[in-house]
Amino acid sequence: MIRRLRRTYGRLRLGTRLALGLGVLSLVVFAIVGTALTMYMRDYLSHQLDTQLAQGQIAQSKSIADYGTLTGKKYYSWFYAVYDVSDGKAELRRPDDPADLPDDVDDFTSLARAQTTADTELLRTADLRGKGEYRLRACEVKPGVVLVSAAPLDDIDDTVGQLITIQAVTFGLALLALVVFGRAMLRRGLKPLSDMAHTAHGITSHDLTESAARLPLRADGPGGGPEVEELRTAFNTMLEHIDDSLAVRAEAEQRLRRFVADASHELRTPLMSVRGYADLFQYAAANAPEERDKHLARLRAEAARMGFLLDDLLLLARLDAAEVETPLRLEDADLVELVQQAADAFRATRPDRPLKVATGPGPLRLRIDPQRVRQVLDNLLTNAAVHTPAGTPVSLEIAVAPDAALVRVTDAGPGIPPADRERVFDRFYRVDKARSRDRGGSGLGLSVARSLIQAHGGTLELSGGPGATVFTVRVPLTRGA
């Protein structure tokens with residue numbers, strides 16, 4: 001039974017449980033207040049009755065002393081007994097009216113005997129046979145004469161009973177009103193929590209597996225006090241964080257899909273070329289031996305191109321997982337020397353391109369991976385040569401900032417459109433979509449360059465406009481990463 005009540009209570013809503021708890025607490029308070037008030041009222045009425053008995057006996061004692069009777073000094077439903085006491089014995093006088101005495105006078109007699117040895121009046125509550133409870137008081141009228149008066153307690157019991165009834169009805173109605181209105185007020189106060197619960201249930205109906213999943217729901221209901229407002233703010237902040245995380249996840253998934261599609265597309269072209277030249281090589285070996293070497297050279301070139309593409313993809317994957325395995329081999333190297341080597345190689349491979357180099361006054365030694373930094377410089381110079389008209393001047397400059405070494409690669413070509421600047425570092429992205437892959441590359445050069453510089457703790461930035469495209473490499477003087 002108790003377990004069933006616990007299960008039932010556990011299924012109640014919070015507002016109902018709080019209202020019931022408030023009702024139980026109020027019931028305890030009402031019981032304590034009612035008990036204290038009832039006891040106080042009974043004690044007060046009993047004291048009033050004792051006072052009335054004492055005042056009545058003053059007049060009755062004077063009447064007995066003067067006239068020997070109680071004529072005219074009696075109260076309705078009271079009992080009176082006069083005793084002559086001597087040698088510890090109490091002898092009852094004959095009453096003026098038989099109705100003055102109850103059928104059972106044993107309590108009167110014992111109280112009269114006790115009065116002879118007492119220094120003051122005696123009070124006692126007794127249950128008279130057939131009459132109910134009475135309050136008895138004994139006093140000495142004169143030496144040897146004792147008066148015992150008895151007043152009924154029925155009026156006190158009736159008054160206390162009526163008081164208890166009034167309290168029970170009043171407290172019951174008050175408790176009922178407290179539970180009903182308290183529950184309504186609690187439900188109103190807890191409504192913001194219910195709204196947040198509905199918002200949470202609404203979120204569960206959204207398909208968060210979709211790439212464009214968003215959470216448009218928010219807990220915007222007012223009221224509830226500072227605590228609920230704090231909870232609402234934390235709840236909405238959590239939703240914003242989840243929303244941002246979903247957006248980042250969706251963007252990452254889109255980038256991954258685009259990357260896989262582009263990689264598949266880029267690998268398909270050399271694979272098809274390899275297959276085609278292999279077929280031609282097989283045909284030439286059987287029918288045109290003089291063409292065999294040319295087809296074999298083309299086959300090797302396509303295989304090498306595919307190998308370069310796979311190397312770039314592997315390098316990017318290793319850079320993405322740099323926290324697990326860093327692809328850098330750091331050592332002390334002279335940045336000026338690396339720039340001069342990159343410039344000499346550029347002049348040797350592209351003698352028709354004017355190149356201006358400004359390396360500064362002397363060597364600049366840094367903690368870097370010289371092979372990877374040289375790869376970045378070669379990529380930037382090749383990018384400037386490939387994407388500008390023939391004869392376009394290119395400059396290579398070294399500068400020193402307070403906390404970093406700067407290398408700027410500038411060309412005077414047509415520049416990069418503003419709409420493409422934010423995506424030039426994306427993998428497989430090409431500004432000129434119509435450019436052939438043989439001339440334009442795979443679209444991984446700038447991505448690899450930026451990832452390598454970021455692995456060094458630096459940055460690769462694009463600036464300039466039409467007539468001047470500037471790529472700035474920033475490498476920290478003291479690498480902390």
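Author: Helices (H or I, at least four residues) and strands (E, at least two) are DSSP runs, numbered from the N terminus. By that reading, the protein chain holds twelve helices and twelve strands. The model is predicted, so local features need pLDDT of at least 70 and side-chain atom pairs count only at pLDDT 80 or more, while totals for chains, interfaces and linings use all residues. Residues are numbered from 1 along each chain as its sequence is written, and side-chain values use heavy atoms, with hydrogens and water left out.

Reader: What percentage of the 481 residues in the protein chain is buried?

Author: Buried residues (under 20% relative accessible area; exposed is over 50%, partly exposed in between; 1.4 Å probe, protein chains only) account for 35% of the 481.

Reader: Which residues touch the most other members of the largest nonpolar core?

Author: In soluble globular proteins, nonpolar side chains tend to be buried together. A nonpolar core is a set of buried Ala, Val, Leu, Ile, Met, Phe, Trp, Tyr and Cys residues joined through side-chain atoms within 4.5 Å. Here the largest has 41 residues, and Leu 335, Leu 380, Leu 381, Leu 396, Val 407 and Val 473 touch the most other members. Elements giving two or more residues to this core include helix H8 (335-349), helix H9 (370-386) and strand E10 (404-411). Apart from it lies another core, of 18 residues, with Ala 81, Leu 101, Tyr 134 and Leu 136 among them.

Reader: At what angle do H8 and H9 pack?

Author: Two packed helices are described by the angle between their axes and the distance between the axes. For H8 and H9, the angle is about 40° and the axes are 10 Å apart. Their contact (heavy atoms within 4.5 Å) is made by residues including Leu 335, Val 339 and Phe 346 of H8, and Val 373, Leu 377 and Leu 381 of H9.

Reader: Where is Ser 77 found, and what is its phi near?

Author: Most residues other than glycine have a negative phi. Ser 77, in the loop between helix H2 (14-67) and strand E1 (79-86), has a positive phi, near 70°. Ser 77 is partly exposed, with a relative accessible area of 33%.

Reader: And Ser 61: buried or exposed?

Author: Ser 61 sits in helix H2 and counts as buried, at 13% relative accessibility. Leaving aside neighbours within four places in sequence, Ser 61 is in contact with Cys 139, Val 141 and Leu 147.

Definitions and conventions:
Axes fitted to C-alpha atoms, helices over the stretch in contact; angles between N-to-C directions.
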